[in-house]
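Dear colleague,

Please find below the structure that I am handing over to you. My notes on it follow directly after.

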Amino acid sequence: MGSTSQPYSALYVLGHPLSEPYWVQTEVAGVEQYVLLQAFERRVLSYTPGNPDGWQTESGNAGQHYRIWRNLHTIADPRLAALAVTIPYGDEIVQAATEAGVDPWLMAAIATAASDGNPLSTTDDGHTGLMGIRWSDVPRDPQANTRIAAAELARISAATNDTSLILARYYAGDNADPAAGSVAAFVSSATTALNALHARISIPEAATNAASSDPANAPLVQLPARFDSSWWSQSLAWYASWSGARPGAADDPADRWCVADGYVPGDRLQLTANGKTTDCTVGATPGSVGLPTLADGSIGISAAAATSLSLNGEADGAVIELSTQPTVQTQSAEQLVGEGAAAYYSASYDRAWWERTIGLHASWGGAVSGWAVDPNGYYCVHPDFRPGQRLRLVANGITIECTIGDTVQAAHQAQWRSRWAIELSWSSFAALGLDKKNVVQVFAIE
């Protein structure tokens with residue numbers, strides 16, 4: 001983990017050690033083997049002797065495992081992820097709001113106004129828990145409390161889009177008098193909290209969605225040569241490891257990198273200057289870990305990207321056009337994608353889990369248009385395909401079709417590709433008889 005292998009200090013990436021290294025026997029890709037583990041403040045390092053060179057020591061995402069254990073979903077939207085870590089019980093609030101289809105920011109503001117983030121709160125006028133629910137005998141458990149509140153907000157919001165009226169009815173019921181003293185005070189407090197949250201978490205809205213396809217002009221800044229291809233690749237992997245990158249993010253195929261306000265690592269931009277056009281991959285955010293801050297609207301580009309546009313070191317002020325490029329391209333019909341062994345998710349990841357997961361990817365904009373849950377419950381994962389796309393699988397004389405239901409993190413894709421042709425839900429794996437002979441052909445279909 002030296003400075004030559006990644007752009008951050010070991011202490012920054014890992015934190016201080018929390019345990020001695022120790023051996024455990026665990027299942028890796030369906031095989032029981034010994035793995036050496038050591039826990040740090042921010043990461044858990046593992047050493048697996050049987051892994052290929054370069055992948056024997058890995059940085060496990062302990063936070064993701066914790067979230068799966070708690071049934072909390074990864075938040076890909078950078079603004080919502082920032083919201084979740086800014087307020088008490090932010091994960092529960094954002095997840096409940098997302099599942100109910102209501103505004104997470106409004107939910108967070110209500111929690112601030114109702115209880116100041118205290119799940120044990122009870123007011124003199126009968127509001128209970130983190131979300132200050134007005135009914136008696138409501139659970140104080142934050143997860144249950146937020147889900148009840150989200151359902152109530154969804155009901156009220158279906159009848160009006162007036163935020164002040166929604167807050168008044170949430171606080172005092174459908175017949176609430178917005179002018180009443182306690183109601184008006186709550187509406188004012190929640191509105192103030194809502195404005196403060198938006199002001200404090202100022203990641204541009206463009207970061208939560210694909211950028212506009214309308215061309216825009218911006219000055220270009222060539223970044224120092226010390227930010228080389230290895231630096232960019234490691235930076236993108238770092239963002240992807242904590243869900244700070246666009247789902248499906250991958251290294252730039254031509255080693256052309258860029259950085260700009262309003263774009264998420266993994267986004268693809270098209271740059272035009274000096275009569276030439278090139279694509280680049282966003283690999284970081286401005287000002288992060290040694291990168292220079294950029295003037296408003298400026299785009300930082302790597303040396304390779306600058307060379308492709310015939311720009312010299314005095315590139316500041318060059319004009320470019322921006323347009324988003326899809327991170328993952330759709331494969332043509334009936335194309336053979338690969339053949340080989342299949343990995344599988346544990347059977348504990350049941351059909352309901354897959355359906356929730358594909359729905360979450362869709363809510364982040366990570367699924368294809370017109371996606372649907374799989375009619376047979378057959379789900380699969382491949383780094384070249386987006387949630388909602390369909391693949392045809394052939395093995396042991398059996399043919400099934402599966403729906404992409406999850407993604408492979410950019411940091412794990414190289415290792416994934418070196419081992420697997422496809423990753424499957426257990427039901428898909430078993431349906432193909434791969435527990436007996438694990439060789440499968442994978443075809444892309446429309």
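Predicted model: local features only at pLDDT ≥ 70, side-chain atom pairs only at ≥ 80, totals over all residues.

Leaving aside its neighbours within four places in sequence, which residues is Ala 109 in contact with? They are Ala 190, Ala 193, Leu 194 and Leu 197, where contact means heavy atoms within 4.5 Å. Residues are numbered from 1 along each chain as its sequence is written, and side-chain values use heavy atoms, with hydrogens and water left out.

Ala 109 belongs to helix H5 (residues 104–115). Helices (H or I, at least four residues) and strands (E, at least two) are DSSP runs, numbered from the N terminus. Ala 109 has a relative accessible area of 0% and is therefore buried. The terms are as follows: buried means under 20% relative accessible area, exposed over 50%, and partly exposed in between (1.4 Å probe, protein chains only). Although Ala 109 and Leu 197 are 88 residues apart along the chain, their C-alpha atoms are separated by 7.6 Å.

The chain as a whole

The chain has 13 helices and 18 strands. Of its 446 residues, 45% are buried. Among contacts with a separation of 6 or more, 61% are between residues 24 or more positions apart. The accessible surface of the chain is about 20800 Å², and carbon and sulfur atoms account for 51% of this area. Accessible areas come from the Shrake-Rupley method with a 1.4 Å probe; for residues, only the protein chains shown count as cover.

How far apart are the end C-alpha atoms of helix H11? They are 18 Å apart, in agreement with the 18 Å that its 13 residues (351–363) should span at 1.5 Å a residue. The expected span is 1.5 Å times one less than the number of residues. The buried residues of H11 are Trp 353, Trp 354, Thr 357, Ile 358, Leu 360 and His 361. Seen down the helix axis, these residues fall within an arc of 155°, so they line one face of H11; the arc is that of the directions from the helix axis to the C-beta atoms. Their cover includes helix H4 (90–100), strand E14 (379–381) and strand E16 (398–404).

Just after H11, Gly 365 has a positive phi of about 85°. Gly 370 is placed in the loop between H11 and E14, and at a relative accessible area of 71% this glycine is exposed. Gly 370 lies 19 residues from Gln 389 in sequence, and their C-alpha atoms are 9.5 Å apart in space.

Salt bridges

How many salt bridges does the structure hold? There are twelve, a salt bridge being a side-chain nitrogen of Lys or Arg within 4 Å of a carboxyl oxygen of Asp or Glu. One of them joins Asp 374 and Arg 390, whose closest N and O atoms are 2.4 Å apart. Asp 374 lies in the loop between H11 and E14, and Arg 390 in strand E15 (residues 390–395), so the pair ties together parts that are 16 residues apart in sequence. Asp 374 is buried, at 0% relative accessibility, whereas Arg 390 is partly exposed, at 23%.

Another salt bridge brings together the side chains of Arg 268 and Asp 279, at 3.9 Å from N to O. This pair links distant parts of the chain, eleven residues apart: Arg 268 is in strand E7 (residues 268–273) and Asp 279 in strand E8 (residues 276–282). Arg 268 is buried, at 15% relative accessible area, and Asp 279 is partly exposed, at 27%.

Lys 436 is exposed, at 73% relative accessible area, while Asp 435 is partly exposed, at 43%.

Yours sincerely
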